[in-house]
Structures are given as structure tokens and as C-alpha cells.
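Hi,

Here is the structure I promised to pass on. Have a look at it first, and then read my notes below.

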Number of protein chains: 2
Amino acid sequence: MNSSDVSTPEAPLPAPPSYEDILAAADRLAGKAIMTPLLESHALNARVGGRILIKPETLQRTGSFKFRGAYNRVSLIPPTERAAGVVAYSSGNHAQGVAAAAALYGIPATIVMPADAPAIKIANTRGYGAKVELYERSSESREARAEVIAAELGATIVRPYDDSGIMAGQGTCGLEIARQAEQLGAHLDALLVCCGGGGLTSGCAIALAEMSPQTKVYSVEPEGFDDTRRSLEGGERVANLPGQESFCDALLSPTPGALTFSVNRRLLAGGIAVSDAEVAAAMAYAFSTLKLVVEPGGAVSLAALLAGKIDARDKTLALTLSGGNVDPETHARAVAAGSALN
Amino acid sequence: MNSSDVSTPEAPLPAPPSYEDILAAADRLAGKAIMTPLLESHALNARVGGRILIKPETLQRTGSFKFRGAYNRVSLIPPTERAAGVVAYSSGNHAQGVAAAAALYGIPATIVMPADAPAIKIANTRGYGAKVELYERSSESREARAEVIAAELGATIVRPYDDSGIMAGQGTCGLEIARQAEQLGAHLDALLVCCGGGGLTSGCAIALAEMSPQTKVYSVEPEGFDDTRRSLEGGERVANLPGQESFCDALLSPTPGALTFSVNRRLLAGGIAVSDAEVAAAMAYAFSTLKLVVEPGGAVSLAALLAGKIDARDKTLALTLSGGNVDPETHARAVAAGSALN
């Protein structure tokens, strides 16, 4: 989708996933995905004056939550069609998720990735056996490229977020958060979700609306790419302004998804934006105190908390660390810069 | 203890902790320590051809398993004595464990630390409210320094490993591993434990001997500091040779503890030694694939596995990642060097 889509008329939306669709996705993912733990840090609790429950999807298969949606979506392709393989476009985490899901089904995968994606993401995607086609982020349409490839191969396109099967898969993360919080006897006042196109956010919001309706769900985005936050404020989808930059490579989608926003508009309490400096500080905190490797886009929720953009005092909050696929040099630079800010 | 202790006659040993002592320690630690998860990585399983269950004590309160033993030991001091405070000597992880335990009891703590300890360990120990006394590793006896301080203050010395209360606390890590493996339906063929003075190793061995007697327990140490491995082979405690070096700062104890070795001699299947290069490769693997920050001494078990020093094919193994307190520069250097080896 490019930004002009936002103001043009669109076909009627399909239905978003139901809570039952998320339960069905959880059944499909059992034994395939990792049930990541819900972690707690006394040091973090003390720092913010509340109780913080951390969902480290960094520890998920392929290093991000994206495997959940990808595997669920690939499972939903009718077997006769599935045999021809899948095509996806992605800056890297969805790429790895689709590649790993395709490998489990023994089907071919072709992934269209930006040439400037982190090296670790390109290498891992190839490592799962996928064919990677690089494109220039500034001059080419990845969607068009993917559609040509899919047509040639007779393969199915697995979109990164604006798809019911993807959203249901990502929603299993929210399902686990709600169940694990309950096991801990914790009543979640709020959940902060790292947000790009809105797949994880909307999936988690659907799960929480059913299981923990008192929990306020917030999207967290990089400044300049806070299209969901601005869309929530205005009540309709708006695109990011051109020329923005952020090192949160996983969260640079141009607009909210149509289907994801139809859910998020209804279920989110609001949106939060964080600066790259706040993200670096969060990555440094994750390194030094939580001992977790978090990529820039995966650290925005923690950044929002540490920067005081949500009040945690005497509250119980959950947050996602949505991915950990970061090149060592980028990580070391962010930790060094962020340590100076903590 | 210095190396001359090994060959001189000693007082009769006190009794090591029983399995029941470990259960009692677990009760004391409930709600104080983190029940760290038992993690699994499809990528790691595929690499070694077996099932690997990872106990990340990096995620423990204070960033290493040492809080377990420290808190249990401080709990066992009679309250009237405890009020005068505690004194410990430690290269850094025991220091933080004792400092945090003392803070929870509201008692003063003085920690004797080497001047060349990682900055993060010194800063964190002070951060928990302890008074830090630095000593020169090459020219001073930390035990003598601690004894003078303890005598002046009327405080209790909390030894780093050769103490039943410490060993019982560390044994709760083994207790959790056995219980969590059982919940996963996993039958552990072996457990690899990061080993310095042998507190964690012996505590885990006692727990496993009761709960999972078929599991072979191995100590893993840095080359040149593989005193436990060599002592196990010879059947009696031997000291490391002078002049050895390793960047595994947490595991540089000169000899096995008398009490810990009395257990380890009886219960361990053997000892393994790894090189600093193998440790760096393991730290890099933990960063890039497991997304975990592991300090050098905390990565020796993973290093032994990845270096093929134990056969994991078609087996189920557990291993400890015993700590994650590492300076960013040391971590980045090890990840860069280790990545080239992976």
C-alpha cells in the first residue's frame, strides 16, 4: 500500500479475525512457535514505580513475533495452492517468519526485501531456505514486484499485516500475555505494543478485549512514523510525511493497514510516539539491566515506558519487545549512545 | 581460600546441604528471586541435533544466579547477628547478590571487590546500597581484608560458594530446571553448569540427584581455571597453575571449594574446559540467535555445547547461562570476535 491509497475509495474490507480465530491460530502454532515467557524485573519495577510484565518476542522462533502470523497464514492456504509456494515483501522480520513457515511446510518462498535491510535479516531469511529478491526502497514498489513474482510462480502472497490470518497469528501473543498475567495474579491496566502496520497491535487488542477488557491497549511507534497515533487522533487513516527517518527499520510502514486500523480505531486507547534517542536508551537499558538483545523497532514500547510517556506508577503494565534481529554494530552503537542517556 | 589450603590438613567439613535444604531455600526465595524460564531455540536444537533447554540466570535478580545463594544465606543468619550487617568478597556477581539481599533485609553490606572487576559489577553493587572496598587482585588477600572488616563491624561474612546455605540457594536453580523440564515432558540426559568455586554446580547436582538421577551433571570451566575438572580426574582438590588468564572474570576461583568439591566428587559425571575463543563464539551466538546478553563466565556451558565438547545428538541437555553482567565494550568485542568464529 502506498500513501495515496489512504484517500482513495477502497473495496469493502474483509472481516477482521475474531477471538475464536486467535484461539484457532494458537492451536496451529502449538509446538511450532515458542510460548515466550512473561518476564519481570525488580530493577525495572523499582525504576518506574509499578509492575511491568515484559513479553520478549525476541525469544520467538526467527527472533520476532512475525513467525506467529506467518505460520498461521501459511497454514490457512489450501494445500493444493500452498504447494506452489509463497511470496512476501518485508523489511526483514516478516521475511524470516514467512521463510521459516514455508520451510516447515516444505514449500518454496520468495521474499522481496529492501537492499538496505539489516544484514542479519537478509542472511537469516536466506538461511531458512528462502530466495531473496532485493529492491531499492526509494525507487521501487515492493508490492508490485511481489505481485509479478507471485503471478509467475502461481504462488500465494503473504502480506505483512493487513490480513486476517496474519492478525490472528499475531494475536496469539496477546492471548499468551493475558493468560500469563492471569497466572501471575496480575490485572493489567495497560498493554504497550510495538506498532508498524498494526498487525501485532490489532491482534493483541482483539485478544485483550475478550480476555481482559479493562486493559487499555496503546500502539507505540517511532516519531515520524507515528501514522497509527495520528490516525487514531483524527479518526481516519493518514500517511506518514515523506522524508522521515528512523533507525527502527521494522516499523517504517507508510500508513496503518486498512483492516488493522478498522480494529485499532475501535479498540485502542491511544497511540504513543518515541524518538530514536529514546529507543537507543531503551536498547541500552535492555542490554544492561534486562540482559535482552532488542532491535530498535522492538524497543519502542520499553522506550515509551522509560521516557515517562505513560504513567506506570502503582499500575500493572505489559509491554512487547517485538524483535531482536539487529546487527552487532548497530546494537553496540545504540547501547553506547543510549547508555549515556540513562 | 588460596591454593596452599589444598594440601594442608583441614578441619572436618560441615555437612553439605540436603535436598530438603534446597526445598527450604526455594520457599525463602519465593517472591524474592525470579523463577527464570527454561528456554528452547529451534535454531540451537537444529544446530546440535538434540534438544537443548536453556536456563537463563542472566534474567535473575541482579543479573546472575548469585542472588539465590546470597539471599538464602542472609536469611539463615540469626536476626540479632544479622542486624550488624554482612561482608563479602567477590569479583562481582556474588557482590551484587549479597548487596541486593542485604538491601531487602535493610542491613548494611560491605563488599571487597578486585579493582579490575567489570565496571558494571562495581556500579551495580554500589547501586544496591553496599559499601565497596577495592583490593588489588595480585597483591592482597581478599579473605583477610574481609575478615578484618567483619571483625571491626561485628558483621557476618557471606562466603561466595563454600557454604551450605549458599549451595542450597544455588541449588534452587537446579530444582527449577528439573521441574520445568518435567513440565515440558523432557527427560534430561545431561546438565552443563558454569563452574567457578562450585556452588552452583554442587547445588544443582544435589537437586538433580534427587529429582532426575539419570541426568549426568558436568561442570564447565575456562581453560587454565579448570581446577574442578582436574580435581575430578585426580580425585582430590588441585589448584590452578599460576599465571593463567581468561576473560571469564566470574570463574577465576583458584581451587574447588572443600565443601562444594565433596559434593561434586560424588555427584558429577565429569568436567569440561573451554577456551576464551570458544566463549566469545558462544557470546556471539547468544547475541545473534538466542537474543540473550551473556557475560563471559556465563557462556561457558553454551561454549562447551557449540564447540562439540559434549555430544548432544539425539539427546536432551540443559545448560545454565549463569550471568549477564558484562560491560558493553567487552560484550561488543566478544560478539565481533566470536561472530567470525561461528
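Before the interface, one term: by contact I mean heavy atoms within 4.5 Å. On that basis, 26 residues of chain B are in contact with 26 residues of chain A.

Some housekeeping next. This is a predicted model, so local features need pLDDT of at least 70 and side-chain atom pairs count only at pLDDT 80 or more, while totals for chains, interfaces and linings use all residues. Residues are numbered from 1 along each chain as its sequence is written, chains are lettered from A and ligands numbered from 1 in the order in which they are written, and side-chain values use heavy atoms, with hydrogens and water left out.

How do the two chains relate?

Now the interface itself. The two chains bury about 2,000 Å² between them, 71% of it on carbon and sulfur atoms (buried area is the accessible area, with a 1.4 Å probe, that two parts lose on being put together, summed over both). On the chain B side, His42(B), Phe287(B) and Lys291(B) lose the most area to chain A, together 36% of what that side buries. Helix 12 (276-290) and helix 14 (328-339) of chain B each supply at least two residues to the side that touches chain A, and helix 14 gives the most, with four (helices are DSSP runs of H or I, at least four residues, and strands are runs of E, at least two, numbered from the N terminus).

Finally, one residue to look up: Ser91(B). You'll find Ser91(B) in the loop between strand 2 (86-89) and helix 5 (93-105) of chain B. Is Ser91(B) buried or exposed? Ser91(B) counts as buried because its relative accessibility is 14% (buried is under 20%, exposed over 50%, partly exposed in between, with a 1.4 Å probe and protein chains only). Its side chain reaches the backbone oxygen of Asp249(B) at 3.3 Å.

Cheers

Conventions:
A polar contact is a pair of N or O atoms within 3.5 Å; within protein, one must be able to donate a hydrogen and the other to accept it, and residues adjacent in sequence count only if both atoms are side-chain atoms.
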